[in-house]
Amino acid sequence: MLIDRFGRAIEYLRLSVTDRCDLRCSYCLPKGFKHFEEPENWLTFDEIERVVAAFARLGTRRVRLTGGEPLLRRNLPQLAARLSALPGLDDLSLTTNGTQLSRQAAELHAAGVRRINLSLDSLRRDCVEEITGSDSLPKVLDGLMAAKKAGFAPIKINMVAMRGVNEQDIEAMTAFCIEHGFILRLIEAMPMGDTGRSAHYLDLQPVLRRLCAQFDLVEQARTLGGGPARYWSSRDGGFSLGVITPISQHFCATCNRVRLSVDGTLYMCLGQEEKMELRPLLRAGIDDAGLEAALREAIELKPERHEFREQPQKLVRFMSMTGG
């Protein structure tokens, strides 16, 4: 197993396959941003497979495909099929904005992706357009229903809750997820780059208390997936609500993940700068033993915690540069 200096087992890799996105969500990418990584610097599918296989040999059991918008990476189902076949990998999942999902859902499921997190911050068309810079809600809902039809389970809706932007939509989103059998996850905006710092932070603790009272939710002891959400459920178990609170109640003590960006940079923490560049090693011909040693060395760099609350100006890179 990969164990960091603080005794945390690293069993979860978030893998960015592109930093490009067809939306411009206000908390992620600034309008007009064009400084994307050049394609020749993207890890190839062969390189990605080598890195993921090395992680799997070292005990990493979960991989999530992210971006940017991962479905913009050409032939993504082919990569998914290669990764899902790797020995030791138990869980292959995907985070998407849903705009490209309706035409790829069935193929992704056939390739071995079983769980999907879909980013959707409102059910109001004008609010979605305000947040994403695009009138994208109809395409997203089409993709969501295609994923349900294809058999993905569970399907989680990721909603970044923002004060004065979409906080009034939380109850409607909760009812929508109850109706369709989706899991709702509310997420506090993180101060990553100028976009994240201007994202109208909303403390989710009072929101959670309100939802528990309104929908009669009780706290769950079990987790759903390998992420940081804490969960509440309806008394009949038919609905689950997850809350991700990196600011009001951080979860660094149990952090089990690292992030690999599209250019092969391995980031140890979403809110810190510790990293290791794997692409130069791969293209210099490093063997499998050397690659595994490099991963062990990288995990030693993982910091104890982020400093989003103490130093919100510290991190200048955008979310899309790190991987979702």
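Reader: How many bridges join β5 to strand β6, and which way do they run?
Author: This is a predicted model. In it, six bridges join β5 to β6 (residues 183-188), and the two strands run parallel.

Reader: Which residue in β6 is the bridge partner of Met-159?
Author: Leu-186 is the bridge partner of Met-159.

Reader: And what about β4, how many bridges join it to β5?
Author: Four bridges join β4 (residues 115-119) to β5, and this pair runs parallel. Asn-117 has Lys-156 of β5 as its bridge partner.

Reader: How many residues of strand β5 are buried?
Author: Seven of the seven, across residues 155-161. The strand is therefore largely enclosed by the rest of the structure.

Reader: Which residues sit on which side?
Author: Ile-155, Ile-157, Met-159 and Ala-161 are on one side. Lys-156, Asn-158 and Val-160 are on the other. Both faces are covered.

Reader: Switching to helices. At what angle do α1 and α2 cross?
Author: Roughly 25°, with the axes coming within 10 Å. Helix α1 covers residues 45-57 and helix α2 covers residues 76-84. Angles under 35 degrees count as roughly parallel, so α1 and α2 are roughly parallel to each other.

Reader: Left-handed or right-handed crossing?
Author: The crossing of α1 and α2 is right-handed.

Reader: Which residues make the contact?
Author: From α1, Phe-45, Asp-46, Ile-48, Glu-49 and Val-52. From α2, Leu-79, Arg-82 and Leu-83.

Reader: How many are nonpolar, polar or charged?
Author: The contact of α1 with α2 has five nonpolar residues and three charged ones, with no polar residues.

Notes. Residues numbered from 1 in each chain as written. Predicted model: local features only at pLDDT ≥ 70, side-chain atom pairs only at ≥ 80, totals over all residues. Heavy atoms only, no water. Axes fitted to C-alpha atoms, helices over the stretch in contact; angles between N-to-C directions. Parallel < 35°, antiparallel > 145°, perpendicular 65-115°, else oblique. Left-handed = near helix turned anticlockwise from the far one by under 90°. Contact = heavy atoms within 4.5 Å. Nonpolar A, V, L, I, M, F, W, Y, C, P; charged D, E, K, R; others polar. Buried < 20%, exposed > 50% of the residue type's maximum accessible area, 1.4 Å probe, protein only. Pairing = 2+ DSSP bridges.
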